[in-house]
Amino acid sequence: MTTETKHTPGPWMADRADNGATAIILANDPEGHAFNMAYLRYEYPERDANARLMAAAPDLLVALKLVAEAFKNDSHKRLFPVVFATVDAAIQKATTA
């Protein structure tokens, strides 16, 4: 399983840009300045929820890696194979090109 971080590290936050679009903003770049990573410009009902989910992505990846590590040799993995297969698949999707 890949553990190297290749994405922009978090925390990320979702906020409204001045033009009304929802922006995904990096809160703490190396120089301490926020910068816009992505805009969701179009008005649709799920836009804000999608922005919050995207902003949570780095934290979700960390949580999934912790779950995978904590239970890697545990009997729970055999009891809940679909859960752990889903965890592993999500980590792979986030970390492989």
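Strands β2 (residues 22–26) and β3 pair in the antiparallel sense, with 5 bridges between them. Strands here are DSSP runs of E of at least two residues, helices are runs of H or I of at least four, and both are numbered from the N terminus; two strands count as paired if DSSP finds at least two bridges between them. The model is a predicted one, so local features need pLDDT of at least 70 and side-chain atom pairs count only at pLDDT 80 or more, while totals for chains, interfaces and linings use all residues. Residues are numbered from 1 along each chain as its sequence is written, and side-chain values use heavy atoms, with hydrogens and water left out.

Now for the sheet as a whole. It is open and has 3 strands, in the order β1-β2-β3, with antiparallel pairing. β1 (12–16) and β3 are the edge strands, each pairing on one side only. From one strand to the next, the twist averages 30 degrees. Helix α1 packs on this sheet and touches β1, β2 and β3, and its direction makes about 160 degrees with that of β1. Touching, or contact, means heavy atoms within 4.5 Å; the axes behind the angles are lines fitted to C-alpha atoms (for helices, over the stretch in contact), and angles run from 0 to 180 degrees between N-to-C directions.

Strand β2 itself is mostly covered, as 5 of its 5 residues are buried, that is, under 20% relative accessible area with a 1.4 Å probe and protein chains only (exposed is over 50%, partly exposed in between). Thr22, Ile24 and Leu26 point one way from β2, and Ala23 and Ile25 point the other way. Isoleucine 24, for its part, has alanine 38 as its bridge partner in β3.

Asparagine 36 is worth a look of its own. This residue is in strand β3 (residues 35–40) and counts as partly exposed because its relative accessibility is 40%. Leaving aside residues up to four places away in sequence, asparagine 36 touches Ala23, Ile24 and Ile25. Its C-alpha atom is 6.1 Å from that of isoleucine 24, which is 12 residues away along the chain. The asparagine 36 side chain also makes a polar contact with the side chain of tyrosine 39, at 2.3 Å. A polar contact is a pair of N or O atoms within 3.5 Å; within protein, one must be able to donate a hydrogen and the other to accept it, and residues adjacent in sequence count only if both atoms are side-chain atoms.

Phenylalanine 84 is buried at 8% relative accessible area.
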